[in-house]
Amino acid sequence: MAGWSEDGNQKRILVVCQHFWPESFRINEICESLSEKGIQIDVLCGMPNYPEGVFYKGYNYFKPRTEYRNGIKIMRVGEIPQWKKGGNLFVALNYLFFPFASLFSIPRFLFKKKYDCVFTYSLSPVFMGFPGIIYSKLRNVKSVCYILDYWPDSLYSVIPLSNRVLRKIIKSISFWHYKNSDIVLAPSKGVLNKLRTDTGDENSFFLPQSCSEVYETLVYNSQLHGRHGGRFNLVFAGNIGPAQSLETVIEAIALLKSDNPGLADSFRLLILGGGMSKETIVKKMQELNLSDCVFFEGFVPEKTVLEYHELADALFVSLSDNPLFSMMIPAKVQSYIAAGKPILAALSGEGADVIREADCGLVCPSGDPQELAKAISTLMSLTQQERDRMGKNGKEYYNANYKHGLFIERLIEILL
């Protein structure tokens, strides 16, 4: 078995990520898949509070500190939630407190056993990987960092910082994390090339993300069809933040409606999820009188997402016009093509290249509502057979490149 060494001892991996179950991140399924391979997985994480910035029911700063789920040991560290009304101050406190508090977990949790590898699933902030690096240095254990948010660029895309001294400090800290990891993995070739250029790190490799296998399934919901059926439904599922630039699609729909006042009879945009920009996007939708075309469905469980995927005539993804984002492949692209539905993308760079290579949808530049409006019209004018062909192409591309089982095999080879 993959999880057993030649002397019969079970392999052990310490996973470090500030976010873990019951928060909904792909590291959850990755850990479960590694555990199913016979590897002992321990996770060092924080108290669940994302995305609302309040502790989940049953959790507080002090407890529970240790949990077990599906054979995985979860070791939790107290943290300061990203209280929304607190603004950037509480974001900063959340970012900085977890790595500091985690240091106290090293003697309490981590020195009791020696791991074969430390695996950091590096979301924002990059600081979350600090305790894993310290442990790996103290115990002479290999450390692997998988960069999902490339810092400091990812930070600047959300919170503009003009102070040169502060930018220099954050840059130095970010690169310290990458340079002090034995192996660094990048989810796109663009991020890999930037990492090597910025840090000179040659122990870095490309590992494309996978998505949960559950997204390969579509689930029919008659009530959902009763509410939204009979129209062309464009579905967006995910975080609503500055990076997603959803104001672009709102403006595009406004352009379409100006030419066709009865647009609501034939078209709807359904937005699933939430985030720091949701209130701004809702306000813009209301100002443009699009409440009959645009519907905010809120946070929904994973099974319900599958029902919206089944309903969708196309799935929408967008990113703002930013040099960093042009090097990235949005994680939702994998789940969209797994669903076998055509994709409408307002993207530039590597994410757009993937959709063109797979021939699974239509692409227009980031931040251009006029071109996006044209793309929506074109997609609506296609026959069902033409859209089905796009979906089929995406599914085939997913099976060849992003299948979860392929990802886990590659990851185990790198970790162990």
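A: The model is a predicted one, in which local features need pLDDT of at least 70, side-chain atom pairs count only at pLDDT 80 or more, and totals for chains, interfaces and linings use all residues. Residues are numbered from 1 along each chain as its sequence is written, and side-chain values use heavy atoms, with hydrogens and water left out.

Q: What makes C145 count as buried or exposed?
A: Buried means under 20% relative accessible area, exposed over 50%, and partly exposed in between, with a 1.4 Å probe and protein chains only. C145 has 4% relative accessibility and therefore counts as buried. C293, at 0%, counts as buried too. Of the 416 residues in the protein chain, 56% are buried.

Q: Why is helix α12 called mostly covered?
A: Helices (H or I, at least four residues) and strands (E, at least two) are DSSP runs, numbered from the N terminus. Helix α12 spans residues 331-338, and seven of its eight residues are buried. These are K332, V333, Q334, S335, Y336, I337 and A338.

Q: Which elements do the buried residues of α12 pack against?
A: With contact meaning heavy atoms within 4.5 Å, the partners include the strands β9 (232-237), β12 (314-318) and β13 (343-346). The helices α11 (302-311), α13 (350-358) and α15 (384-401) are also among them. Just after α12, G340 adopts a positive phi of about 75 degrees.

Q: How do you know whether the protein chain agrees with a compact globule?
A: The radius of gyration is taken over C-alpha atoms, and the globule rule is 2.2 Å times the number of residues to the power 0.38. For 416 residues a compact globule would have a value near 22 Å; the protein chain has 22 Å, so the two agree. Along the principal axes, the C-alpha atoms fill a box of roughly 65 × 50 × 45 Å.

Q: How many helices and strands does the protein chain contain?
A: The protein chain has 16 helices and 14 strands. Among its contacts between residues at least 6 apart in sequence, 74% join residues at least 24 apart.
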